[in-house]
Amino acid sequence: MSIVSTNTAYTSDTLRQNLSLLLRTYPFLNVQTVGNSVLGKPLYVIKLGRGPKKVFYSASIHANEWITTPVLMKFIEDYCVSYIRNSNLYGYSVRSLFNSTSIYIMPMVNPDGVDLVTGNILVTSPSYQKALHIANQFSSIPFPSRLESKFEWGGFKKLPTNLQSLVSAV
């Protein structure tokens, strides 16, 4: 059973749902909330392992780079599956890695921006209108309404072909 989908726009709601399912399925996961975004959305950090070496990964720092979140979330899921099966992941023994390394992952640094570009914030909301007002001062920077007209894809209901193939490869 796959929990993390890689063929759809990934919002902060999707992240929350996936983390809940992953935690129920793999109770050894350590999921913490380390703060909140400007719009009050939780900022999560997931810890994999208990070793003395420490590694930190983050995703979705910039809103238009939301695709990095499902990549890290799929890694978390694959890591958990490999741990349960006592198997390798990318040639590494996950059990050995679990005991030698603590991997910290912040899968969505900017949930407000991600929700803005994936259509998870209503265009009539004050947050969207404020972002639009700021964006209008910088017309060369992509903004959701400009992306829709450029790619003719009505929000993120259908990903452009190049993104579909990228996500499918994950």
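Two aromatic rings of Phe, Tyr or Trp (its six-membered ring) are taken as a pair if their centres lie within 6.5 Å, and the pair is called stacked with planes under 30 degrees apart, edge-to-face over 60 and tilted for the rest. The structure discussed here is a predicted model, in which local features need pLDDT of at least 70 and side-chain atom pairs count only at pLDDT 80 or more, while totals for chains, interfaces and linings use all residues. Residues are numbered from 1 along each chain as its sequence is written, and side-chain values use heavy atoms, with hydrogens and water left out.

A search of the whole structure gives five aromatic pairs. In one of them, Phe-28 and Phe-98, the ring centres are 6.2 Å apart and the planes stand at 85°, so this pair is edge-to-face. It joins distant parts of the chain, 70 residues apart: Phe-28 lies in the loop between helix 1 (12-25) and strand 1 (30-36), and Phe-98 in helix 3 (residues 94-100). Helices (H or I, at least four residues) and strands (E, at least two) are DSSP runs, numbered from the N terminus. Phe-28 is partly exposed at 24% relative accessible area, whereas Phe-98 is buried at 7%; buried means under 20%, exposed over 50% and partly exposed in between (1.4 Å probe, protein chains only).

Phe-75 and Tyr-79 form a tilted pair, with 6.0 Å from centre to centre and 55° between the planes. These two residues are four apart in helix 2 (residues 68-85), so about one helical turn separates them. Phe-75 and Tyr-79 are both buried. Elsewhere, Tyr-26, Phe-28, Tyr-83 and Phe-98 make up one aromatic cluster. The ring of Tyr-83 has the charged end of Arg-95 over it, 4.4 Å from the ring centre (the criterion is NZ of Lys or CZ of Arg within 6 Å of the centre and within 35 degrees of the ring normal).

What lies inside the fold? A nonpolar core is a set of buried Ala, Val, Leu, Ile, Met, Phe, Trp, Tyr and Cys residues joined through side-chain atoms within 4.5 Å. The largest core has 31 residues, and those touching the most other members are Leu-22, Leu-29, Leu-48, Met-73, Ile-76 and Tyr-79. At least two residues of this core come from each of helix 1, strand 2 (42-48), helix 2, helix 3, strand 6 (101-106) and helix 4 (111-117). Helix 2 gives the largest share, seven residues. Beyond its neighbours within four places in sequence, Ile-76 is in contact (heavy atoms within 4.5 Å) with Leu-22, Leu-29, Ile-46, Leu-48 and Ile-105. A second, separate core of five residues includes Ile-121, Tyr-128, Ala-135 and Phe-143.

Helix 2 also holds Thr-69, which is buried at 0% relative accessibility. Not counting residues up to four places away in sequence, Thr-69 touches Tyr-10, Leu-15, Ala-59, Ser-60, Pro-107 and Met-108.

Taken as a whole, the chain has seven helices and six strands, in the order α-β-β-β-α-β-β-α-β-α-α-α-α along the sequence. Of its 170 residues, 42% count as buried. Among contacts with a separation of 6 or more, 66% join residues 24 or more positions apart. The chain has a mean pLDDT of 85, with 84% of its residues at 70 or more. Over residues 146-170 pLDDT stays under 50, and the model has 30 contacts beyond four places in sequence for this stretch.

Notes. pLDDT is the predictor's confidence in each residue, from 0 to 100.
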